[in-house]
Amino acid sequence: MAAARGADSGETTFEPLVVLALTDDPAIQLAHARRHAASLAGPSPPPAFAPAPGGARIRVAYLSSDLRPHPVGLLTAGLFTHHDKSRFETYAIAWGADDGSATRRHIAAAADHFIDVDVMGDDAVARLLLDREIDIAVDLNGYTRSHRAGILMRRPAPVQVSYIGYVGTMGAPWIDYLIADDFVLPAAYADAYSEKIVSLPACYQVNDSDRPLPGPMPARRDAGLPHAAFVFCCFNATYKLNPAVFDVWMRVLGAVPDSALWLVRQNDEDGARTAANLTREAQARGISAERIVLAPHLPYAEHMSRLQCADLFLDTWPYNAGATASDALWAGVPVLTCPGRAFPSRMAGSLLNTLQLGELIAPSVEAYEATARRLATDRATVAALKAKLIAARKTSPLFDTASFTRSLEAAHAAMTERRRDGQPPAAIRIAP
């Protein structure tokens with residue numbers, strides 16, 4: 001992959017989000033992120049606003065274009081519900097078209113303040129945060145599509161944090177902290193992140209335990225799947241796929257004749273071309289086109305119901321599944337992953353570690369391939385894993401939004417206390 005070699009060499013500057021899919025080297029990700037942050041700031045960054053003193057309650061503003069049926073909106077909806085309103089005053093700062101969705105309406109009702117800033121410029125939004133005396137501004141976009149890094153670049157809040165929407169370092173002097181956990185971001189790699197690391201006691205990823213359970217599982221034929229085959233799936237975005245991952249998947253299909261691979265079909269104009277590329281590459285590796293099943297886009301609730309038709313979710317690397325892994329686990333579908341070194345390469349492992357499913361965290365690509373083959377011929381073990389996941393909906397910290405929110409609030413309090421005491425940002429570890 002020429003792009004990966006360019007990212008590794010530093011000869012070419014890529015968008016930071018692209019780099020996350022090309023290499024698991026956190027130092028390389030940091031170098032590209034820093035160059036990108038510098039290009040956004042320009043030669044003369046806007047002057048910072050002086051922070052106002054905080055009040056009795058800690059004012060937390062969550063900024064995002066994705067407070068809607070998007071992974072960020074779906075994951076964080078319960079966070080707004082479970083915040084302790086006696087200690088925290090929450091602001092949802094939203095931009096992008098109002099889709100009128102239930103997710104957006106839920107967040108708007110659960111937050112203390114929901115402010116649509118779509119028609120406001122970055123300077124005006126920064127001034128809004130300053131005027132509201134926000135203590136902590138949490139960027140839920142990072143460098144993803146529709147981001148507005150220019151808002152926090154103006155320093156409207158005394159503490160500024162990156163969380164969940166972008167899972168790498170931003171390399172930006174205006175971001176103080178990154179929310180993580182010990183698995184997803186080991187201390188040995190902390191120096192490769194420009195932010196100070198806040199380690200939560202369980203998984204870094206919030207989930208909404210109040211979301212509906214998956215509906216009845218449809219017949220496999222209605223999902224376009226073979227009735228009796230072992231169904232591997234991966235609903236990760238296609239940009240996370242690469243030849244090395246696809247090679248392993250095709251070898252697994254070759255070793256398990258009565259099996260199929262279920263992938264997502266893009267809903268945009270590139271969808272047909274991507275589908276043709278995938279089937280062509282499968283055939284070039286000796287796998288017939290009909291064993292690659294492409295799932296069309298469905299509304300979220302319908303997708304969660306059909307997801308139960310899968311037997312095993314195969315993760316990608318170096319960019320793992322995040323929200324898609326949570327969806328699979330919530331639907332009772334085991335996820336097999338192979339972690340790397342950087343945050344995006346360890347997301348699914350963090351979820352599985354919290355669920356105490358370390359047997360699905362492969363220590364190498366070879367072990368990943370061997371485990372996929374073994375599970376495909378051991379239906380009893382797969383059934384036991386599914387049963388464990390269904391039980392975990394009520395028992396695991398991964399799906400306990402209230403407990404997660406208490407941990408995040410402890411982090412918010414620790415960050416705010418340091419700032420009010422005049423101390424610079426520092427690594428923070430939250431106790432269980």
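A polar contact is a pair of N or O atoms within 3.5 Å, where, within protein, one atom must be able to donate a hydrogen and the other to accept it, and where residues adjacent in sequence count only if both atoms are side-chain atoms. The structure is a predicted model, in which local features need pLDDT of at least 70 and side-chain atom pairs count only at pLDDT 80 or more, while totals for chains, interfaces and linings use all residues. Residues are numbered from 1 along each chain as its sequence is written, and side-chain values use heavy atoms, with hydrogens and water left out.

Glu89 lies in strand β2, residues 88-94 (strands, E, are DSSP runs of at least two residues, and helices, H or I, of at least four, numbered from the N terminus). The side chain of Glu89 forms a polar contact of 3.2 Å with that of Tyr91. Glu89 counts as buried because its relative accessibility is 11% (buried means under 20% relative accessible area, exposed over 50%, and partly exposed in between, with a 1.4 Å probe and protein chains only). When neighbours within four places in sequence are left aside, Glu89 is in contact (heavy atoms within 4.5 Å) with Arg57, Ile58, Arg59, Val60, Asp112 and His113.

Arg211 is placed in the loop between β7 (196-200) and β8 (230-234), and, since its relative accessible area is 13%, Arg211 is buried. The side chain of Arg211 is joined to that of Tyr300 by a polar contact of 2.7 Å, and to that of Asn207 by one of 3.4 Å. Beyond the neighbours within four places in sequence, the residues in contact with Arg211 are Tyr300, Ser326, Asp327, Trp330 and Phe399.
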